Amino acid sequence: MSITPSPQGDVPAAPAGMRAAGRSPQRSQRWLPWVKAAVFLLAMVPLLRLVAYGLTDRLGANPVEFITRSTGTWTLVMLCITLAITPVRRVSGLSWLVRFRRMLGLFAFCYGALHFVTYFWLDQWFDWASILRDVSGKRPFITVGFAAFVLMVPLALTSPHAMVRRLGAKRWQRLHRAIYAIAVLAILHYWWMKAGKNDLAQPLIYAIVVAGLLGARVIWALRRQRVQALSGSSRSPANSDSTVSRSRTR
């Protein structure tokens, strides 16, 4: 699951100097598969930790709660890291960072699925009536959490490059903008869950991080629109006519 609105960004163009020197991006970035493997293993650590704790009976007095909190936390962490790829790339100029976005997005979905399955199976034991009551509004934090997971499913299903070609880049990009709504719903889910215990320190930190990551995108979008508006007005027929008339009077 890429869960990011930039399909063309997965393959950054080679710098001009590199092309002039006759070196391909693949040859100059031979280290990239090794870094990808390292990132993959690091992203697997929370899951391997849960498995190890389960096998050694170290999940605490309430194992279901431990698993639920762990998988939920790492879902949010992976979402934040995925959202951070684009701002970090724009600020640092490290275009190869986009190559990790798809994998990190899929890990966010993986931990989200484990979080959902833990609630659905280990917490509720397939009690359909209770699950329906929770999802339909009895517990609002579960309602918004369920909505966030439902939105993640189509992003995971359309993650492969073949789906980008099938949907078309523009439609694929519009679909994957749902990650912004997913992040907001995930924050609400976490916030409302902790609000009942008056423990909002951690939700506040994640809320600030997500607000910053989304706010940066809003600022860049407004700047881009302003530049486009200025460039469009400078090329308008009225401006062209006035320019011609001024040149004739000089």
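Q: How much accessible surface does the protein chain have, and what share of it belongs to carbon and sulfur atoms?
A: The total is about 15,000 Å², and 66% of that belongs to carbon and sulfur atoms. Accessible areas here are Shrake-Rupley values with a 1.4 Å probe, and for residues only the protein chains shown count as cover. Heads up, this is a predicted model: local features need pLDDT of at least 70, side-chain atom pairs count only at pLDDT 80 or more, and totals for chains, interfaces and linings use all residues. Residues are numbered from 1 along each chain as its sequence is written, and side-chain values use heavy atoms, with hydrogens and water left out.

Q: OK, what's the secondary structure?
A: The protein chain has 12 helices and zero strands. Those are DSSP runs numbered from the N terminus: H or I with at least four residues for helices, E with at least two for strands.

Q: And how much of the chain is buried?
A: 34% of its 250 residues. Buried means under 20% relative accessible area, exposed is over 50%, and partly exposed is in between (1.4 Å probe, protein chains only).

Q: Where's the kink in α3?
A: At Val 45, shortly before the proline Pro 46, and it's about 40°. That bend is the angle between axes fitted to the seven residues ending there and the seven starting there.

Q: Which residues of α3 are buried, and what do they pack against?
A: Leu 32, Ala 43, Pro 46 and Leu 50 are buried. The buried residues of α3 pack against α4 (63-92) and α5.

Q: What comes just after α3?
A: Asp 57, with a positive phi of about 55°.

Q: Switching topic: is Arg 217 buried or exposed?
A: Buried, because its relative accessible area is 14%. Arg 217 lies in helix α11 (residues 201-234).

Q: Which residues does Arg 217 touch?
A: Leu 83, Thr 86, Pro 87 and Tyr 180, not counting residues up to four places away in sequence. Contact means heavy atoms within 4.5 Å.

Q: And where is Trp 121?
A: In helix α5 (residues 101-123). Trp 121 counts as partly exposed because its relative accessibility is 42%.
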